[in-house]
Amino acid sequence: IAAPGTFRNQKSNHNNIQLTSWYQSPNRRYNNYVVLQTNKIKAGENGGIRNGADLNDPAYAASRFTVPTFLGGDPVQINTRNVFDASIYTGNRYTETNYFLRQQYDFGRKDSIVTDSTVVPLFFPKLRFEHSLTFGKYRYIFQDLATAGTQRNTPDSAYYKDRYNLTIHPSGDSIIIQDRWREFKNDFSIYQFPDAKNLQQFIRVGAELQLLSGTFRNTQKLHNVMLHGEYRNRTKSQKWDILAYGRLWVTGYNNGDYHAYINLQRLINPKVGSLQLGFENISRTPSFIYNPASNFYLDVAKSFKKENTVHLFSSILQPKLNIRLSADYYLVTNYLYVTNYYRLQQEATVFNVLRINAQKTFRIGKRWNWHTNLYIQQKAGDAEVNFPTLYTRNIFGYEGKLGFKRLQIAFGTEVRYHTPYKADGYSPLLGQFFYQDSVMLSNRPQVDLYMHFRIRSFTAYLRGENLNTFDLQGGGFTANNFAAPGYPTPGLIIRFGIFWSFVN
C-alpha cells in the first residue's frame, strides 16, 4: 500500500513456485531429492521521470501518477493504478524454470540403539555416490507494445534512437527483444567420509556436463565440461570449520574458467571469540549479453577478455562485547561494465577495492537493543566504478516477551544512510545499471518503523517504510529519495505479512 509519492507504470508482479520432495529408503542407504521451481517477474518500466523539478510542481501535487516519464505513454490515457491488473505494456518479463533430481547411495556401517522397548536403526556412511540432473528453461523479454483503445501506448521513437540507436516508426512500432535458453546438466560426484560419525567432514570430487541451447538472432548449441572438488571439515569440538572447493571448466564455451574458494574459521574460546580468514579467485567468460549473438547486444562488434576477481576476506567475532569486525579486499582485472545505456566496456587497468565493516549490538535496557552496521569502502585506481564511501544501517527496538507469556515481539525503528555519490544510471531495455559520472545523489536517511511478533505457530509483521519522505512544509510523503538518476523511490509504504503453520 503506497501513499501519494508513487509513479506510474512501475507496477511489478513476482511469482515463485517451489515443490520439493525427499525420499529415504528404510535402510538409510538411498536418498532421492526432487525440486521443481519457477520464478516469474513482470516489471513495468517508465524510463525515469523527465524532469526532477516536476516533483515540486503544484500541478502534480494531487497525483504523482501524472508526472511525465520517458516511457509508458500518456498517463491520462493509460490506467495502471489497478493493483489487480498485472498487464505489462512497457517493461521486462523474466521467466526461469528448473527441474532438479538428485540421487545418493551410501556404503558404510550399520548400527543401532537398543532400549527397553525399541530399536533405533543407525547408518554411518563411508562412501557416497551422487548423481544430479538439472533441466532449466529461461526466457528474458523487454517489450514496449504499441496499443490502442483505453490502454493507448505509442513507443517513443526519439527515446530509443537517442539512447539505444534503435530506429522505429514514429507512428508506433512495437519493440520486443528476447533471449531464450534451455539448459541440461548431468553431474556425477563421489564423497568420502574419513570419520563416519561426522558427516560434516568429507572429500568430494566430480564432473559435470552442461548442454545449452539458445535462441537469439539464430539458434546456438553450446556445451561445457566442468571438474569440481570440495573439502569440508567442521570438527566435533566445533572449534574448526574448514571449507575449500574448486571448479574448472576444462572444455566448451567457458573453457578455462575457474572458481577457487577457501574459508578457515577458528573458535579460540567462547569468551575471546573466533577468527575467520578466506581467499577467493574467479576467472569467468563475459556474460552472454557481451556476445554479439544476443538480441540484447546493441553495441558495435567488440571482443572481451575473461574477467578476473581476487577476493581476500577476514573477520573477528567477539561475543562478550557483541562486536564483529570484518574486511574485504578485491583486486579486479578486465572489469566488465555498461555505459550510456547500452555501450559495453571493459576496464583495461587493474583496480582494487577495500571495504571495512563493523557490527555492534548495544544493550540499552533489559529488552531494548541498538544494532548498528557501519561500512567504509574505498577504491584505488581509475576504473569507472562509483559507490558511497560510507553506509550505515541501525535498528533500535524492543525484543522479547510483552504482556502475554507466549507473545514474542520485536518493534522499533530502522534507519539507513549512505554518503552522497554518483550512483549508476538504469537502462530499462537491458535491465542493467550503467556507469554515469554527472549526477550526484544526496539522499535523506531512510527511516522505517517495524513490528514483528509470534504467537505459537502464528507469525506476522507490519512495516511502515520511507517515513523520511514526509514533507514538513507541504505535508504528505512527497520528499522522495532517488534510487538512481531519474528514479525517485516511493513515498510511504505499508507492508504486512503473515505465516501460520498448522500441525495435526
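Arg28 is placed in the loop between β1 (12-24) and β2 (30-44), where helices (H or I, at least four residues) and strands (E, at least two) are DSSP runs numbered from the N terminus. This is a predicted model, in which local features need pLDDT of at least 70 and side-chain atom pairs count only at pLDDT 80 or more, while totals for chains, interfaces and linings use all residues. Residues are numbered from 1 along each chain as its sequence is written, and side-chain values use heavy atoms, with hydrogens and water left out.

**Backbone angles in loops**

- Most residues other than glycine have a negative phi.
- Arg28, which is not a glycine, has a positive phi near 65 degrees.
- Arg28 is partly exposed at a relative accessible area of 35%; buried means under 20%, exposed over 50% and partly exposed in between (1.4 Å probe, protein chains only).
- Asn334 also is not a glycine and has a positive phi, of about 60 degrees.
- The loop that holds Asn334 runs between β12 (323-333) and β13, and Asn334 is buried, with a relative accessible area of 17%.

**Nonpolar cores**

- A nonpolar core is a set of buried Ala, Val, Leu, Ile, Met, Phe, Trp, Tyr and Cys residues joined through side-chain atoms within 4.5 Å.
- The largest one has 22 residues, and those with the most contacts inside it are Tyr160, Tyr164, Tyr290, Phe296, Leu429 and Leu430.
- At least two residues of this core come from each of α1 (157-164), β5 (175-192) and β13 (336-339), and α1 gives the most, with three residues.
- Leaving aside neighbours within four places in sequence, Tyr290 is in contact with Tyr297, Phe304, Leu336, Tyr337, Val338, Leu344 and Gln345; contact means heavy atoms within 4.5 Å.
- A second, separate core has seven residues, including Phe216, Leu222, Phe288 and Ala293.
- In soluble globular proteins, nonpolar side chains tend to be buried together.

**Aromatic rings**

- The whole structure holds 38 aromatic pairs.
- Rings of Phe, Tyr and Trp (its six-membered ring) pair if their centres lie within 6.5 Å; planes under 30 degrees apart count as stacked, over 60 as edge-to-face and the rest as tilted.
- Tyr159 and Tyr160 form an edge-to-face pair, with 5.4 Å centre to centre and 90 degrees between the planes.
- Tyr159 is buried at a relative accessible area of 2%, and Tyr160 is buried at 0%.
- A cluster linked by ring pairs contains Phe70, Tyr159, Tyr160, Tyr164, Tyr341, Tyr342 and Phe434.

**Charges over rings**

- A charge sits over a ring if NZ of Lys or CZ of Arg is within 6 Å of the ring centre and within 35 degrees of the ring normal.
- Arg128 lies over the face of Tyr191, 5.5 Å from the ring centre.
- Lys197 has its charged end over the ring of Phe124, at 5.8 Å from the centre.

**Salt bridges**

- There are 21 salt bridges in the structure; each is a side-chain nitrogen of Lys or Arg within 4 Å of a carboxyl oxygen of Asp or Glu.
- Asp106 and Arg128 meet in one of them, at 2.8 Å from N to O.
- That pair links distant parts of the chain, with Asp106 in strand β3 (residues 90-114) and Arg128 in strand β4 (residues 119-144), 22 residues apart.
- Asp106 is buried at 2% relative accessibility, and Arg128 is buried at 13%.
- Asp299 forms a salt bridge with Lys302, and their closest N and O atoms are 2.8 Å apart.
- Asp299 is buried at 9% relative accessibility, whereas Lys302 is partly exposed at 31%.
- The side chains of Arg393 and Glu414 meet in a salt bridge of 2.9 Å, N to O.
- This pair also links distant parts of the chain: Arg393 is in strand β17 (residues 390-401) and Glu414 in strand β18 (residues 407-418), 21 residues apart.
- Arg393 is partly exposed at 33% relative accessibility, whereas Glu414 is buried at 5%.
- Salt bridges with shared partners join Arg393, Glu414, Arg416, Asp448, Arg463, Glu465 and Arg495 into one network.

**Surroundings of Asn481**

- Asn481 lies in the loop between β22 (458-465) and β23 (482-484) and is buried at 8% relative accessibility.
- The side chain of Asn481 reaches the backbone nitrogen of Arg444 at 3.0 Å.
- Apart from neighbours within four places in sequence, Asn481 is in contact with Asn443, Arg444, Asn468, Tyr487, Pro488 and Thr489.

Methods. Polar contact = N/O pair within 3.5 Å; in protein donor to acceptor, adjacent residues only side chain to side chain.
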